[in-house]
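Visitor: Can you walk me through this model? I'd like the helix packing and the core.

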Amino acid sequence: MASISASTKHKVGVKKPAPKKTTGGGGASILKTGASAKIKSSNSTSSNGAGGTARRGSVAPKLQPAALNHPQTLEAFISLDGAHQKDRILNEFVPHMFGERATFHEGISKPHTASTSQSRGGAAADIALACKHLGPVVVLKRFGVLAEIEKTLLPQGIGAVFGNGPGRGIHPGGGMRKIASAASLASMDSDNAMKSTGGQSYSTMSLASGASGDSKRGKSTPPNAREGALLFLRALCELGSRAVEPFVVPLLAAALDESGSSSSSVREAAEDASTAIVSLAHPLAVPGVIVPVLFEALHSPEWRVKAASLDRLAQVAARAPSQISKLLPKIIPTVTDQIWDTKPQVTKSALAALLAVCNTNENPDIKPAIPAVVNAISKPADTYKAVEELMATTFVATVDASTLSILCPILSRGLKEKNAVRKRSCCVVIENMSRLVDSPNAVAPFGPLLVPELKKVVENVQFEDIRDVALSALQALTRALGHADIEAAMSAIMREEAEKAEAEQRRIEEALNEEKQAEEERQKREEEERKQFREAMEAQRLLDKMALEEEEAKKEKEMLKKEAAKLSTKGKGGKCQGCGLKKCKKSCLFYSG
C-alpha cells in the first residue's frame, strides 16, 4: 500500500487553452512579456459620421445634398420664381431637415419613411446650396429659415444659453446678452420670426408630434429638430463663404450648449457644427465674439459643454495665434481653473488647451520651457523643474504681457516654497525677466502677484545672499512697474487691491440688492395671489351659502305643501275623500254647507 507524506509530488494534467486567432488588417498586436502573452488592441475609429464609436476629434465628411444633388434639379429649382422657391424651402426642405414629413409636397398617399441623420443632413445641404446660389440674405432672412433655426436652438433666447442668467457667468447681470449686444450680431434681429413664415413654426409642429426633448436640461425641442439645425449650420460653414459668417458665428453658443445633450446624435452634430463655425470665423472675431462665448461656456454645469469649449479654444489657438497671444493674461487663469475639474475629460481638454494657447506666445526665449511650465501648472510638485528650465533660459527678447502671464504664476508659487534655494532661483528669473519688460502696463497686472512674495523673502529668509538676490529682484521689478522705490510700489499695489476690493464689494451689494428687490417683488406677487385666492374662496363660500339657503327654502316650501295636502279633505282630483264627490252631500261627514 502506497503511503502519502508531505514530500509526495503529484503530476496534474492541465488542458491548455487554444491560442486566440487575430484577424488581419492591424486589428491587434501581440506583446510578449515573460511567459505570458498580452494582446493590445489598437484604437480604430470609424470614418463615417454615424457609425463611429470614437468620433471625438475626427473630421466629419462633407454633407451632400439630397434633392438638389444633380445639375438639372438645381437649375430647375433656380428657375422657379421667388414664391415657389420659398414654398419649396419652407414646406419641403425645412420639415425634412427637422425630421418632419412634408405633407403638402409629398401628399398623404406616399408611404412615410422614418427620418435619419443622413436624410436630415441631405435636406440641410439642400438649403445651404440654395443659400449659395440665391444668397444667404434671401434664404436666411427673407424666407425666414434663420428664424426657424433660432426658435429650434434658442427657444428661450440667447441669454438663457449655458444657464447663465442675470448675475451669473463672467458678465454679472448680463451673461450671453452682453456678448450678443456688444457684437451687434446679425442673426439676433429676427423680431418677426412668426411673420416671416406666415405664422407657422416648424419647431412648434415638431413639439406637437410628440417627440421628446432634453427635459432635464430644460430643452423641449425634439432632438431630431436640433440635430437638423446643427447640421444646417455645419452645411453653411462648409460653403466657405464669408457672406454666411455674420449669420453662423453668433450661433456658436447654441452649438456648444447642445454638446451637453442627452442624445448622442445631437452631441455629435454639435461638435461638428462648433468645429466648422470656428474654422469659418475670421481671426478678428476671436477677441470680441469667439473667446467670450467660450468663457461663458466654461461656466455651464454640463461637463461635456466645458470639454467642447476647451477643445474649440485649442482649435482657435491654432487658427489665430496672434489674437490668442494677446489674450493670454485672461485665458490662462480661466483655463487653469478647469484643470482641477472633477471630470477627467475636462482636465484632459484643459491641459491640451493650455498647452495650445501657451504655444502661441511669440517670445523665442521661453519656447523650450513652455511644456515644463504647463506641466508645473497641472502638477504643483514639479514647480521647481519648471523653474530650473527657466534658470537655463537667457532672456534676450522683450518680455510682454503674454510672456508674463505664462511665467508669473509659476514664479509666484516658487516663492511660496519652504526651500530657500528654490526661492533664490525664482528671484534670479524674476530679475532677468524684469530687465526686459517692454512697458509698465504689461507687468502691472502681475505686480500684486510677485511684489508681496518678494518682500516676504527679503524680510524673512535667514540667508543674507538669498536676501540680497531677492532685494535686487524686487528693485528690478519695481523699476519695471514704473515706481521710484519699493514702498511706492507697495502702496500702489495696496491701493489697487483696495480699489478692486471696493469694486467687488459694490458688485456684491448690487447683486444682493437685486436679489432683495426680486424677493420683495416675489413676496408682493405671492401676497396678491393669496389675497385673490381669499377673495375667490370668500365669494365661493357666499355662493355656496346662497345655494344652500335656496335649497332649504325649497325643501321647506315642499314640506308646507305636503302638510297642507294632508289637512285638506279633497284628493288630487278635487273629489272629497269621504263621499267621493266633488260637491259633498248633506249626509257627508265633511259637508261644510
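This is a predicted model: local features need pLDDT of at least 70, side-chain atom pairs count only at pLDDT 80 or more; totals for chains, interfaces and linings use all residues.

Visitor: How many helices and strands are in the chain?

Guide: The chain has 26 helices and two strands. These are DSSP runs, numbered from the N terminus: helices are H or I with at least four residues, strands are E with at least two.

Visitor: And what percentage of the residues is buried?

Guide: 40% of the 593 residues. Buried means under 20% relative accessible area, exposed over 50%, partly exposed in between, with a 1.4 Å probe and protein chains only.

Visitor: What share of the contacts comes from residues 24 or more positions apart?

Guide: 67% of the contacts in the chain with a separation of 6 or more. Contact means heavy atoms within 4.5 Å.

Visitor: On to the core. Which residues touch the most other members of the largest nonpolar core?

Guide: Val145, Ile149 and Phe232, out of 128 residues in that core. Helix α10 gives the most to this core, with nine residues. A nonpolar core here is a set of buried Ala, Val, Leu, Ile, Met, Phe, Trp, Tyr and Cys residues joined through side-chain atoms within 4.5 Å.

Visitor: What does Ile149 touch?

Guide: Skipping residues up to four places away in sequence, Ile149 touches Met97, Phe98, Leu154, Ala229, Phe232, Leu233 and Leu251.

Visitor: Back to α10. At what angle does α10 cross α13?

Guide: Roughly 25°, for α10 (residues 223-238) and α13 (residues 264-280), and the axes come within 8 Å. That makes the two roughly parallel. Axes are lines fitted to C-alpha atoms, for helices over the stretch in contact, and angles run from 0 to 180 degrees between N-to-C directions. Under 35 degrees counts as roughly parallel, over 145 as roughly antiparallel, 65 to 115 as roughly perpendicular, and the rest as oblique.

Visitor: Which residue classes make up the contact of α10 with α13?

Guide: There are 12 nonpolar, one polar and four charged residues. Nonpolar covers Ala, Val, Leu, Ile, Met, Phe, Trp, Tyr, Cys and Pro; charged covers Asp, Glu, Lys and Arg; the others, Gly among them, are polar.

Visitor: What about α24 and α25, at what angle do they pack?

Guide: About 150°, with axes 9 Å apart, for α24 (residues 447-460) and α25 (residues 464-481). So α24 is roughly antiparallel to α25. Among the contact residues are Leu450, Val451 and Leu454 of α24 and Leu474 and Leu477 of α25. By class, the contact has 12 nonpolar, one polar and two charged residues.

Visitor: Is Leu477 buried or exposed?

Guide: Buried, at a relative accessible area of 1%. Beyond neighbours within four places in sequence, Leu477 contacts Ser434, Val443, Leu450, Val451 and Leu454. Its C-alpha is 9.6 Å from that of Asn432, 45 residues apart along the chain.

Visitor: Last one. Where is Ser405 found?

Guide: In helix α21 (residues 401-415). Ser405 counts as buried, at 3% relative accessibility. Ser405 touches Leu328, Pro329, Ile332 and Phe446, not counting residues up to four places away in sequence.

Note on methods: Residues are numbered from 1 along each chain as its sequence is written. Side-chain values use heavy atoms; hydrogens and water are left out.
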